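Please work through each task before reading its solution.

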Amino acid sequence: MIALKLGVTSDDVKNVIIWGNHSSTQYPDVNHAKVKLQAKEVGVYEAVKDDSWLKGEFITTVQQRGAAVIKARKLSSAMSAAKAICDHVRDIWFGTPEGEFVSMGIISDGNSYGVPDDLLYSFPVTIKDKTWKIVEGLPINDFSREKMDLTAKELAEEKETAFEFLSSA
């Protein structure tokens, strides 16, 4: 969506973060994303120059993408999930380029972003020698904090529901 909005290829956009759950609460964060425009790398907010679109339509469209794929295809979004798996395997195998990161659902234990432990939560990671590491120290503004907390709350509730189901089975 960012590439389309700016008239560049998706390869020209990097470091977009998907925080949290794979659901309608996931938070696509472009606060740390960069885009190459006319051979110069700039921040996405600076390039797009439309905060209301970035905080509104962009987020909700990404959050609803899975449902939109299912509606458009009248089939499961399994191919989209399969593509994501292939991308993860590629990233693990080849690593991430210097200065770039990808988002990956990992166990949240010991993270520096205030996400509760014991959740499978999507974080920005770098990968080297087939080992991922959470990108540390990214500033989180109040808007992002609220979105990150909301998706963490949903994951904690899903975890609790799963444990209740398992304990009664």
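**Exercise 1.** Determine which residues form one aromatic cluster, and classify the pair of Tyr121 and Phe123.

Solution. The cluster consists of Trp19, Tyr113, Tyr121 and Phe123. The model is predicted, with local features requiring pLDDT of at least 70 and side-chain atom pairs pLDDT 80 or more, whereas totals for chains, interfaces and linings use all residues. Residues are numbered from 1 along each chain as its sequence is written, and side-chain values use heavy atoms, without hydrogens and water. Rings of Phe, Tyr and Trp (its six-membered ring) pair if their centres lie within 6.5 Å; planes under 30 degrees apart are stacked, over 60 edge-to-face, and the rest tilted. Tyr121 and Phe123 have centres 4.8 Å apart and planes at 45°, a tilted pair. Both Tyr121 and Phe123 are buried (under 20% relative accessible area; exposed is over 50%, partly exposed in between; 1.4 Å probe, protein chains only).

**Exercise 2.** Characterise the pair of Tyr27 and Phe143.

Solution. The structure holds five aromatic pairs. Tyr27 is buried at 1% relative accessible area, while Phe143 is partly exposed at 24%.

**Exercise 3.** Identify which lysine lies over the face of Phe143, and which over that of Trp53.

Solution. Lys55 lies over Phe143, at 5.1 Å from the ring centre. Over the face of Trp53 lies Lys5, at 4.6 Å from the ring centre. The criterion is NZ of Lys or CZ of Arg within 6 Å of the ring centre and within 35 degrees of the ring normal.
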